[in-house]
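Here are some notes to read alongside the model. Have the viewer open and click on each residue as it comes up.

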Number of protein chains: 2
Amino acid sequence: MFKGQYIYSVDAKGRISIPAKLRKHVSPESNDTFIMTQGTEKCIDVYPLDQWNVLESKIHQLNLFNPDHARFSRILLQNAFDDTLDSQSRILIPQNLLAYAGITKDVLILGVSTKMELWNPSFYEIYLNSSEESFEQIAAKVITT
Amino acid sequence: MFKGQYIYSVDAKGRISIPAKLRKHVSPESNDTFIMTQGTEKCIDVYPLDQWNVLESKIHQLNLFNPDHARFSRILLQNAFDDTLDSQSRILIPQNLLAYAGITKDVLILGVSTKMELWNPSFYEIYLNSSEESFEQIAAKVITT
DNA sequence: TACTTTTTGGGTGATTGTGGGGAAAAGTGG
DNA sequence: CCACTTTTCCCCACAATCACCCAAAAAGTA
């Protein structure tokens, strides 16, 4: 389970180091491979390979002659991009994803359960302040047991 | 599983390079052979041989005395065209398919699960904006588990 | 403080995408 | 059947990008 927040930087080539603390939680069968794609918020989602495969097996069963299925597959897959760690434990982020998330130099890396998220730090600040409900109110709704 | 989007160009002879990242996901038994045909949208579908064979076996089971089955088979097959990669990893696209998809110079190559799609970039833009439903709504319908 | 681990920066050779020339093959008309 | 044109295929070459390696700076640890 990924957790924690880390302020890192993107270098001139668009590379980002994966924090050592997060790396420790990646299962070995992922083979240092990560799939990144556009998040539902203005951020980049990064899945280790084993987590991505769960999603991929569902997509594989769809019927691409069904218009809804095809549209879903196109949108989900069009911005998906995979890469493996280099010898310095970095991955390359495509320019279009960096542009989507508004990331230029500084990047906020969040560990969120089964995936990681890459944010422009000031966008995340705005996101945190954007809800009218308090953490307590949301927590009460979400955790019911 | 094919994924990602790539902006490439068609040269004067009607050839298109298959992106290296997509090539990596083509199974060896396809022998560098691809079958392209008219897509259900205004684009060109490109199947590696092994995936085409899956589709072909489905077509084989159709009843050609059923008018719908016959029409589907005719349209899909009349524009089907196969080619193998040349030494520069390119395939030749027939002029009638390029015309159908409105592709002249720039081409958007989409990895969509078991196949690839070739789009006129501006047509794809229109397609994305043509749905009244949001991605979340479609996703909820498609992924039910 | 000395040492290890982690993060960041950059250089270089290999791969990839694009364009085009020329030989072989196929089609066309006499 | 033969010249001629057109198309198809194979090869070479260039430019841009990417993958890989080396190394320094920074941070954490004993």
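**Notes on the two-chain contact and a few residues**

1. Let's start where the chains meet: 33 residues from chain B and 26 residues from chain A take part in the contact, where contact means heavy atoms within 4.5 Å. On the chain B side, Met1(B), Lys3(B) and Phe135(B) lose the most area to chain A, together 23% of what that side buries.

2. Before going further, a word on the ground rules. This is a predicted model, in which local features need pLDDT of at least 70 and side-chain atom pairs count only at pLDDT 80 or more, while totals for chains, interfaces and linings use all residues; side-chain values use heavy atoms, with hydrogens and water left out. Residues are numbered from 1 along each chain as its sequence is written, and chains are lettered from A and ligands numbered from 1 in the order in which they are written.

3. How much area do chain B and chain A bury between them? The figure is about 2700 Å², with 63% of it on carbon and sulfur atoms. Buried area here is the accessible area (1.4 Å probe) that two parts lose on being put together, summed over both.

4. Next, the charged pairs across the interface. The rule finds 3 salt bridges between chain B and chain A, a salt bridge being a side-chain nitrogen of Lys or Arg within 4 Å of a carboxyl oxygen of Asp or Glu. Over all chains the count comes to 15 salt bridges.

5. Take Glu117(B), which forms a salt bridge with Arg74(A), their closest N and O atoms being 2.6 Å apart. Glu117(B) lies in strand S8 of chain B and Arg74(A) in helix H3 (residues 67-78) of chain A, so this pair joins two chains. Helices (H or I, at least four residues) and strands (E, at least two) are DSSP runs, numbered from the N terminus. Both Glu117(B) and Arg74(A) are buried, and buried means under 20% relative accessible area, with exposed over 50% and partly exposed in between (1.4 Å probe, protein chains only).

6. Another pair to click on is Asp82(A) and Lys3(B), whose side chains meet in a salt bridge (3.2 Å, N to O). Asp82(A) sits in strand S5 (residues 81-84) of chain A and Lys3(B) in the segment before strand S1 (5-9) of chain B, so this pair joins two chains as well. Lys3(B) is buried, with a relative accessible area of 6%.

7. Now for polar contacts across the interface: the rule finds 11 residue pairs between chain B and chain A (both at pLDDT 80 or more). A polar contact is a pair of N or O atoms within 3.5 Å; within protein, one must be able to donate a hydrogen and the other to accept it, and residues adjacent in sequence count only if both atoms are side-chain atoms.

8. Which elements of chain B supply the side that touches chain A? Strand S7 (106-112), strand S8 (115-119), helix H5 (121-129) and helix H6 (135-142) of chain B each give at least two residues. H6(B) gives the most, with 6 residues. By class, that side of chain B has 16 nonpolar, 9 polar and 8 charged residues. For the classes, Ala, Val, Leu, Ile, Met, Phe, Trp, Tyr, Cys and Pro count as nonpolar, Asp, Glu, Lys and Arg as charged, and the others, Gly among them, as polar.

9. Staying in chain A, Asp86(A) forms a salt bridge with Arg90(A), with the closest N and O atoms 3.1 Å apart. Asp86(A) is partly exposed at 29% relative accessible area, whereas Arg90(A) counts as buried at 19%. Salt bridges that share partners join Asp11(A), Arg15(A), Asp86(A) and Arg90(A) into one network.

10. Have a look at Asn79(B), in the loop between helix H3 (67-78) and strand S5 (81-84) of chain B. Asn79(B) is buried, with a relative accessible area of 13%. The side chain of Asn79(B) makes polar contacts with the side chain of Gln38(B) (2.9 Å) and with the side chain of Asn96(B) (3.1 Å).

11. Finally, Gly111(A) belongs to strand S7 (residues 106-112) of chain A and is buried, with a relative accessible area of 16%. Gly111(A) and Gly4(A) are 107 residues apart in sequence, yet 5.3 Å apart in space, C-alpha to C-alpha.
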